[in-house]
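Subject: Structure for you to look at

Hello,

I am passing on the structure we talked about, followed by what was found in it. Please keep it open while you read.

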Amino acid sequence: MDQSASVGQPMAMMADAGGRTALMVFAKMGQVDGMRVVLMATTDPAALTMLKDSAGWTALMLAALTGHVEAMRLLLDHPSADARMMMLCNADGVTALMLAAGKGHAEAMRLLLDHPSADAAAMMTLAAKDGSTALIVAAENGHAEAMRLLLDHPSADPAAMVMLMESGGWTALMFAAQNGHVDAMRVLLDHPSADAVGMMMPKDSAGRTALMVAAAAGHADAMCVLLGHPSADAAAMMMLRTANGGTTLMAAAQDGHVESMRVLLDHPSADAAAMMVLATNSGVITFMMSALSGHVDAVRLLLNHPSADAAAMLMHTDSDGATALMAAAAAGHADAMRVLLDHPSADAAAMMMLAHSGVFSALMFAALCGHVDVVRLLLDHPSADAAAMMAVRTPACDSALTSAALFAADSSATRSCAPLLLLLRRVAEEPQPSCDAQQAHMTKVMEALCMGPGANELFKDNQPDDARDECICLLLSLGASSFVPETARPIMARIIRNAVQMARAPHLINEAVVGMAASRKRPREGACVHLNCARAPTQLPVCGAAAADEFVRSSTSAMCGVPLHLARHGP
């Protein structure tokens with residue numbers, strides 16, 4: 001007998017790599033017979049039931065999590081049971097009662113709370129490391145019956161329990177509202193001992209209320225429960241602000257929850273006009289948030305609401321001077337922009353010419369962020385003055401073109417020459433006066449493209465790229481002249497070679513101005529090439545591919561920024 005006990009004792013206490021004993025495994029599975037065998041095999045069952053695995057879980061916690069009431073009863077009623085096991089918590093500070101409440105295991109909760117050795121009041125107010133209580137986790141998961149069991153227990157202080165907050169300042173009502181658990185919300189708000197007004201008005205650490213979190217999650221029915229409660233001051237609740245000035249309407253609009261927005265705007269107690277013009281601490285109104293997020297239905301709802309001042313909203317600027325159109329352009333939301341520009345109250349031409357803090361326009365934002373569809377939308381809009389938009393300059397002489405070039409040479413993997421190519425083609429369609437300012441600007445664009453943070457990748461391994469090569473050709477034809485980094489020289493040489501060869505076909509080219517440095521070495525006889533040097537231009541004859549190759553070899557050595565003009569001529 002003594003020998004069997006000495007053998008059984010270490011076997012019962014043995015654990016797997018995660019620290020789980022056989023008793024824990026059987027408890028989680030609800031295998032009561034297996035648990036009895038293990039408990040009989042040890043001389044210290046009290047110690048065995050108090051053991052924790054590597055995450056701090058006990059056999060009782062695992063049984064409570066899975067709702068195996070008989071397994072829990074075996075542990076709690078064992079002659080050697082230690083009542084303290086009910087108060088033990090895992091590494092996250094979670095107890096057996098919290099685990100059962102989070103899963104809605106009402107019978108398991110009742111067993112714990114009503115056990116003769118239980119300190120029910122202490123168990124119900126005990127908080128996990130994140131501040132969650134049994135009531136909070138039950139509300140978060142929508143377990144109304146479990147919540148009633150807690151609030152109605154003889155040892156409960158329901159008025160205090162409903163006001164307890166986790167570490168972020170969230171109450172049980174906030175969690176239930178966020179997840180749209182309307183039955184759980186009603187259990188809290190309608191409890192005889194509850195202060196419904198006190199529950200609905202508190203804010204979390206960021207200043208959000210239960211109504212705000214319901215709106216942000218798009219739970220219109222949960223919002224109706226709050227606003228329609230007999231104790232609710234609906235008008236006041238809808239006008240509450242977060243720490244950064246956000247409103248409930250903004251919370252709903254930011255993620256495009258149109259039904260939630262209608263609940264607010266159409267509520268009998270709502271001051272819809274006032275709600276729509278409330279701004280955050282940085283001057284952002286609800287309308288701008290909807291445009292920035294690209295929620296077209298939300299944008300339409302706000303613009304077309306009977307209480308809206310659509311014209312004012314369309315021209316509203318935040319504290320940095322940004323408008324809804326700029327926000328949508330930067331985010332690439334072309335559909336939302338169409339709604340803005342085509343609204344009957346819109347002054348589309350004025351909206352497109354507005355600049356962020358007097359610097360960046362909607363077109364610049366779209367180009368800088370690489371949204372080619374938005375660039376095209378702005379340029380092609382019936383009210384657009386494309387030339388004027390592209391002519392807008394920042395104090396540093398940046399423009400939509402330089403913005404697009406910076407995006408093309410961006411160091412991220414999203415680089416694309418498509419926006420720049422679209423803009424350059426538009427510029428090239430119109431006759432461009434040859435002036436120092438124009439050439440200086442095109443040179444600035446070229447430098448942004450060739451010397452940006454991702455230029456090495458843009459010109460990597462001399463790989464063909466039709467869009468990039470066309471951009472460079474167009475820039476050079478518009479008077480750009482620039483130092484060319486080592487990685488770009490082979491590509492630039494190829495572009496010059498192609499341009500020289502094309503010069504023998506008048507139907508393919510009118511006048512290509514290839515802005516690269518060139519030595520004054522005379523190519524062979526043939527097509528007429530003009531070197532626009534510091535002195536008066538001189539004519540150099542060029543003929544054939546071999547001549548072009550020789551010209552490229554000679555021209556790529558200097559790189560001093562002298563534009564080369566290929567003029568129209570015959571074969």
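**A buried threonine**

Thr402 counts as buried, because its relative accessibility is 2% and the cut-off for buried is under 20%. Please note that this is a predicted model. Thr402 lies in helix α31, which covers residues 400-408. Its side chain comes to 2.6 Å from the backbone nitrogen of Ser399. If neighbours within four places in sequence are left aside, Thr402 touches His441, Lys444, Val445 and Ala448.

**The chain as a whole**

The chain has 571 residues, and 52% of them count as buried. It holds 37 helices and 6 strands. Take the contacts between residues at least 6 apart in sequence: 72% of these join residues at least 24 apart.

**Helices α6 and α8**

Two packed helices are described by the angle between their axes and the distance between the axes. Helix α6 (residues 69-77) packs with α8 at an angle of about 15 degrees, and the two axes are 10 Å apart. The pair is therefore roughly parallel, as angles under 35 degrees count as such. The crossing of α6 and α8 is right-handed. On the α6 side the contact is made by Val69, Met72, Arg73 and Leu76, and on the α8 side by Glu107, Ala108, Leu111 and Leu112. Sorted by class, the residues in this contact of α6 with α8 are 6 nonpolar, no polar and 2 charged.

Which residues of α6 are buried? They are Val69, Ala71, Met72, Leu74, Leu75 and Leu76. The buried residues of α6 pack against α8, and also against α2 (22-29), α3 (32-40), α4 (45-50) and α5.

**Helix α7**

Helix α7 (residues 96-103) has 8 residues, of which 7 are buried, so this helix is largely enclosed by the rest of the structure. The buried residues in α7 are Ala96, Leu97, Met98, Leu99, Ala100, Ala101 and Gly102. What do they pack against? Their partners are α5 (59-66), α8 (106-114), α9 (120-125), α10 (134-140) and α11 (144-151). After α7 comes Gly104, which has a positive phi, near 75 degrees.

**Helices α29 and α32**

Helix α29 (residues 372-380) and helix α32 (residues 418-429) pack with their axes 8 Å apart, at an angle of about 20 degrees. These two helices are therefore roughly parallel to each other. The crossing of α29 and α32 is right-handed. From α29, the residues Val372, Val375, Arg376, Leu379 and Asp380 meet Ala418, Pro419, Leu422, Leu423 and Arg426 of α32. This contact of α29 with α32 is made up of 7 nonpolar, no polar and 3 charged residues.

One residue here can be followed further. Ala418 has its place in helix α32. Is Ala418 buried or partly exposed? It is partly exposed, because its relative accessible area is 32%, and partly exposed means between the 20% limit for buried and the 50% limit for exposed. Ala418 and Val372 are 46 residues apart in sequence, yet their C-alpha atoms are 6.3 Å apart in space.

Regards

Terms used. Residues are numbered from 1 along each chain as its sequence is written. This is a predicted model: local features need pLDDT of at least 70, side-chain atom pairs count only at pLDDT 80 or more; totals for chains, interfaces and linings use all residues. Side-chain values use heavy atoms; hydrogens and water are left out. Helices (H or I, at least four residues) and strands (E, at least two) are DSSP runs, numbered from the N terminus. Buried means under 20% relative accessible area, exposed over 50%, partly exposed in between (1.4 Å probe, protein chains only). A polar contact is a pair of N or O atoms within 3.5 Å; within protein, one must be able to donate a hydrogen and the other to accept it, and residues adjacent in sequence count only if both atoms are side-chain atoms. Contact means heavy atoms within 4.5 Å. Axes are lines fitted to C-alpha atoms, for helices over the stretch in contact, and angles run from 0 to 180 degrees between N-to-C directions. Angles under 35 degrees count as roughly parallel, over 145 as roughly antiparallel, 65 to 115 as roughly perpendicular and the rest as oblique. A crossing is left-handed if the near helix is turned anticlockwise from the far one by less than a right angle, and right-handed if clockwise. Ala, Val, Leu, Ile, Met, Phe, Trp, Tyr, Cys and Pro count as nonpolar, Asp, Glu, Lys and Arg as charged, and the others, Gly among them, as polar.
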